[in-house]
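This report looks at how the parts of one protein chain meet. Please have the sequence and the 3D view at hand while reading.

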Amino acid sequence: MTVLESKLAPKVTPSTENVIVVRGLTKIFKDFWGRPKARAVDNVSFEVKRGEVFGLLGPNGSGKSTTVKMLLGLLFPTKGHIEIFESSPRHVPTKSRIGYLPEESYLYKYLDSDETLDFFGNLFDLPPQERKQRSEQLLEMVGLSKARRRQVGEFSKGMQRRIGLAQALINDPDLVILDEPTSGLDPLGCREVKDLILALAKRGKTVILSSHLLSDVEDVCDRVVIYYGGKIQAIGTLNELLAAPDQVRITAPILPRETLEKVLQVIRKDAAEDKIRIDTPTQNLENYFLNVVNKARAAEAETSGATSGNKVAAYLRGGAEEGAGSKSRILERLSKAEPELAGPAPLVNVTDVQEFQNKKLEQLTKNEEPVPTRTPDQSTEKTKKVELEKANEKLSGLLGKPK
Amino acid sequence: MRRVLAIATLSLRAAIRYRVVLVMAVLLLAAVIILPLVIKDDGTARGFSQIILTYTLTLMTALLGFATLWLSCGILAREIEDAQMQMVVAKPIARWQVWLGKWLGILVLNAILLAVTGAAVYGLTLWRADKLPPKELAILQNEIFVARQSAREELPDFDAMANDIIRERLKSNPMPEGLSLPALRNIVKEQLKSKNSLVPPGFRNQWEIYAGNPAKIKNLPLTIRVKVDPPVPGIETWFQTHWEFGDPNTRNQFQTNLLVPGELAIEFKIPANLVTENGILQIRMDNYSEKAMLFPLEDGLEVLYRIGGFGPNFFRGLVVIFCWLSLLAALGLSAATFLSFPVASFCTIAVLFVCLSTGTLKQIVTEGGIIEVNPNSGFADSPSIINQVAVPVAKALLFTFNLARGFSPIDSLSSGRAVTWGELGRAIFQICILLSGLLAAIGMLIFTRRELATAQK
């Protein structure tokens with residue numbers, strides 16, 4: 001599964017150095033006469049360490065964007081204290097270390113892609129050669145190299161998000177603040193953005209991700225804070241927040257009925273019948289969709305819109321990348337069909353695991369044969385192809401034919 | 001600097017891509033080309049200059065002025081409202097640099113439009129001038145297509161004179177009833193001014209005008225420009241006069257008799273080298289007519305001499321207009337830092353009108369207040385808090401406005417007077433540096449202190 005793959009990729013362990021410190025942050029919006037109108041953020045405190053992917057999660061209007069805007073100095077706190085790289089958010093030189101993608105594409109519609117990146121590069125005082133080089137790499141990365149001369153005003157929302165993302169990275173920032181980065185993006189784009197976030201984190205960059213899409217946050221974040229009504233409702237690492245300590249899941253390839261029965265017998269000794277569940281996992285729509293698109297891409301179908309990003313810009317990959325296993329291939333690797341998804345595997349859910357003895361578990365796994373690497377035979381390949389084509393037709397009907 | 005230039009270039013790009021430049025250029029060119037064709041001049045050199053230079057340059061300044069206000073309000077307020085500004089200020093650029101970049105962008109735009117339109121007016125003027133009758137063309141060449149230095153008599157300090165007179169009179173007489181001291185001072189001052197400019201029938205008036213450095217005006221024929229107001233406006237009046245120029249104690253004098261029309265300025269030449277070694281030209285005039293002559297204090301009598309050509313003078317005149325436009329751009333941008341686009345446009349246009357019509361402010365200063373003005377005396381008799389506040393405020397506003405209004409490049413160009421380098425330097429200092437600087441400081445301060453993420457739609 002992609003998520004698994006991503007999480008297995010070696011990541012830089014977040015350091016103890018604080019990039020962001022927020023203490024008792026409160027924002028009250030007032031009306032013209034200075035009367036309090038809304039308490040958007042209420043006594044919020046958190047820290048973000050270097051190299052962390054930190055998620056701000058919450059429903060619409062919960063105070064995520066207000067927090068982000070205070071972090072950027074676009075709004076001023078009513079109370080509380082913010083430190084970014086040990087400076088105030090309004091300290092201008094500190095901003096050269098920050099990349100920001102707002103929740104909407106607030107771009108200049110009369111500029112084309114190249115001019116947009118050149119303009120923002122100028123604001124970072126980058127020399128012309130460097131601006132040109134980075135622009136080219138970024139446009140390539142976000143899949144807009146064919147639309148470099150088109151005005152941003154003509155772009156679809158997804159394409160605008162892509163160019164917005166490119167401008168946020170033009171300075172090779174140490175801290176990237178992404179407000180709803182996947183809104184308006186197609187599944188392929190979403191995946192690319194998530195991969196990019198992981199690639200950045202791997203290079204020791206700090207990423208703040210604000211989103212109301214749970215999958216975005218779950219896929220990439222180390223730690224999350226959950227907002228509701230301007231207050232922090234929960235904060236912690238995903239493991240801390242999501243682990244169900246009273247359950248265990250075993251995933252295996254298709255097992256003969258007898259083997260399955262044996263396993264269940266062993267389990268029934270320690271868990272009640274109604275707490276055990278066996279099912280066949282299905283692949284999710286995102287992965288399926290990616291398969292279809294990859295297939296179309298392999299057939300070199302023409303598109304007038306954004307193409308899939310090819311690789312993370314070289315200057316963003318940096319030197320650390322090489323040692324850690326080419327991050328530039330992350331997109332390719334992740335968008336390929338993954339072997340364990342090719343066939344369904346039974347899933348066993350066991351509850352009340354407190355009483356489950358480790359010894360027995362070890363024994364159980366030892367008894368199992370090693371999971372074979374699945375090499376689909378011709379007949380399954382054929383069936384899969386037919387199924388894919390059927391589903392592709394359905395999707396085409398739903399989303400429109402690829403241009 | 002790269003950051004400021006990036007903002008300036010962006011503003012220019014916006015103006016070009018949204019076709020503001022094209023529309024403005026077409027509009028301006030149409031105005032300066034079509035207007036003189038529609039309004040026929042009377043075939044005289046002065047009528048020609050009035051239409052070709054005064055009207056077209058005034059129209060050009062007005063169009064550019066309003067466009068500048070509108071554009072400067074829009075270029076910042078719209079970006080704040082549409083939230084593009086959030087993307088910009090999240091980058092390492094100080095907000096004052098954003099303001100400065102926008103201002104520079106508008107200045108470059110104005111410079112381009114002014115250059116194109118100015119060149120059109122200049123070319124058209126020279127082209128149309130060839131069609132005038134030879135006599136009028138000669139007048140045009142001598143009186144308008146030149147840059148002439150103008151010298152006037154230095155006015156006495158009427159305030160000090162009025163104070164002296166009042167002090168003397170109050171020693172022996174009581175204060176007149178129903179009049180305050182400021183009101184009395186104003187009355188005496190007006191009397192002194194009238195006395196200074198009035199020449200009753202059969203009387204002689206004398207002027208001593210510093211014409212300039214004698215070495216510089218040696219062998220240079222001087223032009224005398226006379227403008228007389230009749231006692232009753234609108235009546236066609238002629239005045240029989242006798243003029244003497246030069247030191248009466250020497251033989252180096254020039255005398256002439258002249259029939260001077262009322263309300264219409266005339267010019268005549270006098271020989272060179274009549275000034276004293278201090279550069280003073282002494283002038284005496286006898287009023288032989290039966291009516292009193294009134295020489296306006298500002299431009300009743302002037303001594304003019306050529307100091308340069310029309311081309312450079314025209315250029316300097318345009319630069320003064322450019323200074324005004326830079327001030328309007330600063331006004332618009334500063335208003336846009338805290339007001340929405342429509343409100344900022346409305347407010348700045350209102351400010352412009354107040355600035356252009358300073359009559360009310362002058363009246364407040366002259367009458368000594370706004371309320372309780374005595375209809376008989378025309379002055380505020382009793383001191384009230386409102387009047388005590390209104391007068392200094394009006395004075396301060398007048399002073400401020402006059403820093404920008406104290407230049408008249410269009411008048412100078414259409415009457416052949418020089419817009420000197422000194423005057424140009426003063427315009428740049430007073431308008432571009434002092435006034436625009438003040439507005440810039442206010443605008444930058446507000447822009448730096450305001451929250452930008454609250455204004456978006």
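## Two domains in one chain

The domain bounds used here come from an automatic or database domain assignment. The model is predicted, and within it chain A is divided into domain 1, which covers 10-97 + 173-241, and domain 2, which covers 104-172. Between the C-alpha centres of domain 1 of chain A and domain 2 of chain A the distance is 23 Å.

## The area between the domains

The size of an interface is often given as the accessible area lost when the parts come together. For domain 1 and domain 2 of chain A, the buried area is about 1,200 Å², and carbon and sulfur atoms give 55% of it. On the side of domain 1, A:Pro173, A:Leu185 and A:Leu196 supply 36% of the area buried against domain 2, more than any other three residues.

In terms of contacts, 21 residues of domain 1 of chain A touch 11 residues of domain 2 of chain A.

## Charged and polar pairs

Between domain 1 and domain 2 of chain A there are 4 salt bridges, and 7 residue pairs are in polar contact, both residues being at pLDDT 80 or more. A:Arg162 forms a salt bridge with A:Asp186, in which the closest N and O atoms are 3.6 Å apart.

## What domain 1 brings to the contact

Strand 6 (175-179) and helix 6 (187-202) of chain A each supply at least two residues of the side of domain 1 that touches domain 2, and helix 6 gives the most, with 5 residues. By type, the residues on this side of domain 1 of chain A divide into 8 nonpolar, 4 polar and 9 charged.

Terms used. Residues numbered from 1 in each chain as written. Chains lettered and ligands numbered in written order. Predicted model: local features only at pLDDT ≥ 70, side-chain atom pairs only at ≥ 80, totals over all residues. Heavy atoms only, no water. Contact = heavy atoms within 4.5 Å. Buried area = accessible area lost by both parts, 1.4 Å probe. Salt bridge = Lys/Arg side-chain N within 4 Å of Asp/Glu carboxyl O. Polar contact = N/O pair within 3.5 Å; in protein donor to acceptor, adjacent residues only side chain to side chain. Helix = DSSP H or I, 4+ residues; strand = E, 2+ residues; numbered from the N terminus. Nonpolar A, V, L, I, M, F, W, Y, C, P; charged D, E, K, R; others polar.
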